[in-house]
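Visitor: Could you walk me through a few features here, with the general idea ahead of each case? I would like to begin with the aromatic rings.

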Amino acid sequence: MDAQASKGRRRREQIMNVLKRQGRITIQEVVERFGVSEATARRDLEMMEKTEPVIRTIGGAMYDGMNAVRELPFAEKEGLSYLEKERIAAAAASLIEEGDVVGLSGGTTNYLLAKMLKTRRGITVVTNAVNVAMELAGSEIGVVVTGGMMRHNSFELCGPLGEGMIGQLNIGKMFLGVDGVSSTSGITTYSEQEAHIAKAMIRRAQATYAMFDHTKVGRTSLFSIASISELQGFITDAPLPHHLESAARLHGISVHVVE
């Protein structure tokens with residue numbers, strides 16, 4: 001390892017220590033504390049997000065001490081629990097009827113759902129995910145793509161531009177992939193930007209369905225999307241634990257458990 005690389009590694013270790021102590025750090029703080037350029041500070045945080053329990057936020061980063069689990073890029077997520085996700089997507093597709101305006105967030109399950117909708121007609125899809133929109137290109141599905149900056153981990157468009165556009169739309173059924181679901185914390189995600197855009201879509205939807213496999217149950221990721229009471233449906237691959245099933249029943253949430 002050359003001297004420059006070794007220096008960078010030591011600096012990132014020190015940044016990690018700061019994150020563990022204070023929970024978050026800004027780009028400007030990295031610049032001032034470690035005497036590096038803004039570009040180097042950004043690059044350090046981006047490298048750390050890939051290997052450490054660190055979540056990039058607007059203007060800095062946060063320590064994900066609750067789970068110490070990093071967000072996986074789409075290509076890695078695609079291979080996880082593929083059959084379960086495919087079954088969940090098929091269950092979601094069965095709830096979509098001709099004439100529906102459907103909201104699809106990013107994530108593997110919604111990408112698979114888009115594949116299943118390609119042969120359908122009379123449906124309009126509103127999505128903030130570039131790969132979902134591209135999958136529907138050339139089909140008879142009407143596609144509305146929100147604006148914003150693309151997150152490379154998930155291909156989702158995020159930010160005020162997209163949120164402003166969503167505020168003018170009316171969505172019937174919203175299908176949302178989530179990173180965590182619990183009776184106390186509701187549905188959560190690793191990404192601050194994706195949480196914001198998901199909230200905007202939920203506000204404009206008549207019914208929101210949270211889609212998750214059994215590994216997400218009981219998990220709480222850093223950023224909250226919605227409480228259980230804001231949802232109308234769960235689509236999952238295993239019976240819910242008692243506390244979550246009771247919360248669903250209390251709030252009148254329909255639970256679809258795929259075989």
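Guide: Happy to. Let us start with Phe175, which counts as buried because its relative accessibility is 0%. Keep in mind that this is a predicted model.

Visitor: How do I read a pair of aromatic rings?

Guide: The description of such a pair rests on the distance of the centres and the angle of the planes. In this model, the count comes to two aromatic pairs. In one of them, the rings of Phe175 and Tyr209 have centres 5.1 Å apart and planes at 15 degrees, so this pair is stacked.

Visitor: Which strands hold Phe175 and Tyr209?

Guide: Phe175 belongs to strand E9 (residues 171-177) and Tyr209 to strand E12 (residues 205-211), so the pair ties together parts 34 residues apart in sequence. Tyr209 is also buried, its relative accessible area being 11%.

Visitor: And how are the rings of Phe212 and Phe234 arranged?

Guide: Their centres lie 5.3 Å apart with the planes at 75 degrees, so the pair of Phe212 and Phe234 is edge-to-face. It links distant parts of the chain, 22 residues apart: Phe212 sits in the loop between E12 and strand E13 (223-226), and Phe234 in strand E14. Phe212 counts as buried at 2% relative accessibility, and Phe234 is buried at 0%.

Visitor: Let us turn to helices. How do I find the sides of one?

Guide: An α-helix has 3.6 residues a turn, so residues three or four places apart point the same way. Take helix H10 (residues 242-250), whose buried residues are Leu244, Ala247 and Ala248. These cover an arc of only 100 degrees around the axis, which puts them on the same side of H10. The face turned away from that buried side carries the exposed residues His242, Arg249 and Leu250.

Visitor: What do the buried residues of H10 pack against?

Guide: They pack against three strands: E10 (180-182), E14 (233-236) and E15 (254-257). After H10 comes Gly252, with a positive phi near 70 degrees.

Visitor: How should I read two helices that pack together?

Guide: Use the angle between their axes and the distance between the axes. Helix H1 (residues 3-22) and helix H3 (residues 38-51) pack at about 75 degrees, with axes 11 Å apart. That angle makes H1 roughly perpendicular to H3.

Visitor: Which residues meet there, in H1 and in H3?

Guide: From H1, Arg11, Arg12, Ile15, Met16 and Leu19 meet Thr40, Asp44, Leu45, Met47 and Met48 of H3. By class, this contact has six nonpolar, one polar and three charged residues.

Terms used:
Residues numbered from 1 in each chain as written. Predicted model: local features only at pLDDT ≥ 70, side-chain atom pairs only at ≥ 80, totals over all residues. Heavy atoms only, no water. Axes fitted to C-alpha atoms, helices over the stretch in contact; angles between N-to-C directions. Helix = DSSP H or I, 4+ residues; strand = E, 2+ residues; numbered from the N terminus. Parallel < 35°, antiparallel > 145°, perpendicular 65-115°, else oblique. Contact = heavy atoms within 4.5 Å. Nonpolar A, V, L, I, M, F, W, Y, C, P; charged D, E, K, R; others polar. Buried < 20%, exposed > 50% of the residue type's maximum accessible area, 1.4 Å probe, protein only. Arc of directions from axis to C-beta. Phe/Tyr/Trp six-rings, centres within 6.5 Å; stacked < 30°, edge-to-face > 60°.
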